[in-house]
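The following briefing concerns a single protein chain. Please consult the sequence and the structure shown here before reading the points below.

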Amino acid sequence: MTRADEKAQGTIFGDGLNIFGGEDSKKGTGSGIGVNSFLWRATLDTLSFMPLNSADPFGGVIITDWYSPAETPSERFKLTAYILGTALRSDAIKVSVFRQVNVGTNQWQDAVVEPGTVTSMEDAILTRARQLRIDSATAE
């Protein structure tokens, strides 16, 4: 089997991780990360008001630490964002929101998240990603 055959067929590990650019960088999908670079930057921008716990650009996972809004100090939020692909599409981003309320001195209890919160966060990330893509196209 030739290298071209392997490339066309893929491997048991998928298409592999492209760390140094190559053909995928010509498609505008990345700058050495395993996910859509516009979604990655947009997610970091959108969640920048929350403290960052971890960010994995190769796996496409961003996890924030707990954040309490100044207007509601008795509740706190934590988000996990998953970037699921290299395309700038609505199904390439998934956000999980966790909410807790204070029930006593330093005691937190899980609480229900408002139904539209996840959709609002995903929409905000997608809007920012589209802005970034437009800005990069006009800059060239």
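Among the elements of the protein chain, which has the lowest mean pLDDT and which the highest? Helix α2 (residues 23-26) has the lowest mean, 44, whereas β2 has the highest, 97; pLDDT is the predictor's confidence in each residue, from 0 to 100. The model is predicted, so local features need pLDDT of at least 70 and side-chain atom pairs count only at pLDDT 80 or more, while totals for chains, interfaces and linings use all residues. Residues are numbered from 1 along each chain as its sequence is written, and side-chain values use heavy atoms, with hydrogens and water left out.

**Confidence**
- The protein chain has a mean pLDDT of 83, with 76% of its residues at 70 or more.
- Over residues 7-31 pLDDT stays under 50, and the model has 20 contacts beyond four places in sequence for this stretch; a contact means heavy atoms within 4.5 Å.
- Where pLDDT is low, the predicted coordinates should not be read in detail.

**Sheet**
- Five strands form an open sheet in the order β1-β2-β3-β4-β5, with antiparallel pairing; two strands pair if DSSP finds at least two bridges between them.
- At the edges are β1 and β5, each of which pairs on one side only.
- From one strand to the next, the twist averages 20 degrees.
- The antiparallel pairing of β4 with β5 extends over 5 bridges, and Val 101 stands opposite Gln 109 in β5.
- Helices (H or I, at least four residues) and strands (E, at least two) are DSSP runs, numbered from the N terminus.

**Helices**
- Helix α3 (residues 37-46) is largely enclosed by the rest of the structure, because 7 of its 10 residues are buried; buried means under 20% relative accessible area, exposed over 50% and partly exposed in between, with a 1.4 Å probe and protein chains only.
- The buried residues of α3 are Ser 37, Phe 38, Leu 39, Trp 40, Ala 42, Thr 43 and Thr 46.
- These buried residues pack against β1 (52-56), β2 (61-64), β3 (75-83), β4 (93-104) and α4 (117-139).
- The N-terminal end of α3 is capped by Asn 36, which has a side-chain oxygen 2.8 Å from the backbone nitrogen of Phe 38.
- Helix α4 lies across β3 and β4 and runs at about 135 degrees to β4; axes are lines fitted to C-alpha atoms, for helices over the stretch in contact, and angles run from 0 to 180 degrees between N-to-C directions.

**Loop residue Asn 106**
- Asn 106 is located in the loop between β4 and β5 (107-111).
- Its phi is near 60 degrees, a positive value in a residue other than glycine.
- Asn 106 counts as exposed because its relative accessibility is 70%.

Conventions. A polar contact is a pair of N or O atoms within 3.5 Å; within protein, one must be able to donate a hydrogen and the other to accept it, and residues adjacent in sequence count only if both atoms are side-chain atoms.
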